Amino acid sequence: MYGGGYIFEESKNGQTETDDVIKLENFEARIAAGEKIEPADWMPAEYRKQLIRMIEQHAHSEIIGALPEGTWITRAPGFRRKLALMAKVQDEVGHAQLLYSAAETLGKTREDMINDLITGKSKYSNVFNYPAVTWADTAIIAWLIDAGAIINQVANSKGSYGPYCRALERICVEESFHLKYGHDNVVFLATGTSKQREMVQEALTRWWPPIMHFFGPSDKISVHTETLMRWKVKMATNDDMRQKFLDMYVPKIWELGLVIPDPLLKKNTDSGIWEYTEPDWQEFKRVINGDGPCNQERLAVRRRAEEKGEWVRKALMRTEEKYTVPLS
Amino acid sequence: MKDLNEIQTTAVKDLLYRIADDQLILGHRNSEWTGLGPILEEDIAFSSMAQDKLGQSQALYQLLNQMGEKDPDTLAFTRSVDEYKCCHLVEYPIGEYDFSLMRHFLFDMSEAIRFNMLASSSFEPLAKISRKFKGEIKYHTMHAITWINQLGKGAGDSPVRIQKALDECFPLALGIFEPSDYEDILIENKIFFGEKELHEKWYDTVVPVLKNANLKIPEIKDPEISYGGRKGKHTEYLKPLIDEMTEVYRIDKDAEW
Amino acid sequence: MSDKNIKSINTINSIISIDPRVTREELSIVPDVDPIKDLHHWQTYEVFHQTKKGDRHLHVGSLHAPNPEMAVILAKEQFARRYKCVNLWVVSTGDVISTGYDNEDIFDTTPEKVYREAGGYKVMERINKFKKERKQST
């Protein structure tokens, strides 16, 4: 799971730094021709920096994303849901592993990345700073958040960096199970007993604002954004992805008789564009900067996991080793 | 072996409940580590094994269902605490990773031997399932042996921790082999070789591994200290576990989830 | 979400969470953990996966492990929990020797050597010319 092209930071100079004009031209020509960049290829420092940031934060989102649904693993009702939820959350951990490895190929160690996560320096997808209050919340998350993540991932899988594309290929296969499981779960709840219907409606109402925040605010059109798109690091605008999400999933939500808590939400039949109440971007900013319901808990859990695991890792460490960057 | 008579059926069902309940409860316990493991790669491995346990318990409840008991979800999620036949070892909280790994080692080694014995059971449906589990359990024991061996000889406080975990788990593990009321029936009819023989084979298998990992085998003063689980007498840990496990299921008993 | 009731309740010492596993951990909200030092997440191994006998082993990714024995055990679940597999290889990343992309040019002319490709041999025209000439001379 992942979310948001809003993760990119503005470059300090406003311009991208280049080390060598000819190398940059060749680099950009290769990308325009649809070729992939591999770890040992020459790349602009800015490209490396933004990719590390993006892939790292995607990895953090996966490992943190394991926590809201992980809340309900021990309480999943029945074998089928219990097994599926365990497998899904396990997949998130697996995705984190694949993504940290991809980011490592760019030269940042996994230890550094995890340190940045647990000290609050690195961000992760904002949506996971909210709690999964009931079982039905996990169903909504598994369906609609994973749906958003898939839209992001399918776009990014056509990007320019080889290791990231290869990781996303594996991830996309597993995500399709997550989506089906999530949808299946919501369908059972929405078409079930009145208690179940009430639970899933409340969950949807609760999660709709974070879902609308998922793709981030409308992109500022800047030279920086343009460069990132030319380099196929950023693959689509936030608005484009949000529109795609609404187009694919709002009808499916309405089909189940569920109410989306936005009276303005409708598809303009002339323009084909979905109209909606503008999400509260102040709240979004507040939460992503640390003041959400679960930010502290999420990081505290990761810190504890690292702490608890320290003796295990130290027990088997070989101190004479030198660090090697993974290959691909 | 053709159809079972009444007492044989009772004996087999008792055996199946014991095995399935162990796997359900331990699988549930081990799933508590998902997302919280000591390193990503091991988190993933441990979660797979927890899923395997749950899948195996489901298959055994399925067999019970075919023998006239209720369906797997009903058996797993609606019985009262004293109706479960799991041993005390699997009920304990996950503790630190040393405890969970040692429990995994001691328990899974017994499972491997148990299913190996059952693979040639005269009760064909059980023999068939046991043969099917062989590969999964083999990985579980490979995993466990590798970890115990490496941590037992590891750096830092690892050897001390692993020894302490062994001291705690070993007496609990003996509860796996608490004999049922039907040992003679199972043995005579070649359905199962019985807990006593399982215990002996288990001891002969785990002790060399533990010694090779530089561990001392704890002295057991009372081998029956952890008995009771097979007869429905459980530790204080089982009820909170069952309450938590069934929390959502119990919201609405008419619901399909 | 503006419902304040949903916030995790942070007491002075520990977090009470909706997740019972988290509550059991008795976590402090004060960030006082030492940074993880280098190599504490171990070294990396490259993983090769064979789907069935007869297939080649293919590189599928890398993982962190303390030694080769553990790398194989961990590779099984991270790289083969979903896919058909009969065999896995692991190789320490440091043991893989590469030609390097800065030497990519050593392969430049490789596709152009038609003298050793089947497609480099076309004699249809020559045969046809020969047949034509033979016919004319009779």
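## Basis of the report

Two residues are said to be in contact if their C-beta atoms, placed from the backbone, lie within 7 Å. The model is a predicted one, in which local features need pLDDT of at least 70 and side-chain atom pairs count only at pLDDT 80 or more, while totals for chains, interfaces and linings use all residues. Residues are numbered from 1 along each chain as its sequence is written, and chains are lettered from A and ligands numbered from 1 in the order in which they are written.

## Chain A with chain B

In this model, 37 residues of chain A are in contact with 45 residues of chain B. Two or more residues each come to the chain A side from α2 (45–70), α3 (79–104), α7 (194–213) and α11 (295–316) of chain A, where helices are DSSP runs of H or I with at least four residues, strands are runs of E with at least two, and both are numbered from the N terminus. The largest share, twelve residues, is given by α3(A).

By class, this side of chain A holds 20 nonpolar, ten polar and seven charged residues; Ala, Val, Leu, Ile, Met, Phe, Trp, Tyr, Cys and Pro count as nonpolar, Asp, Glu, Lys and Arg as charged, and the others, Gly among them, as polar.

## Chain C with chain A

Here 40 residues of chain C are in contact with 43 residues of chain A. On the chain C side, the elements giving two or more residues are α1 (20–25), β3 (43–50) and β4 (58–65) of chain C, and the classes are 18 nonpolar, 15 polar and seven charged residues.

## D108 of chain B

D108(B) lies in helix α5 (residues 97–118) of chain B. Leaving out residues up to four places away in sequence, D108(B) touches I137(B), H140(B), T141(B) and A144(B).
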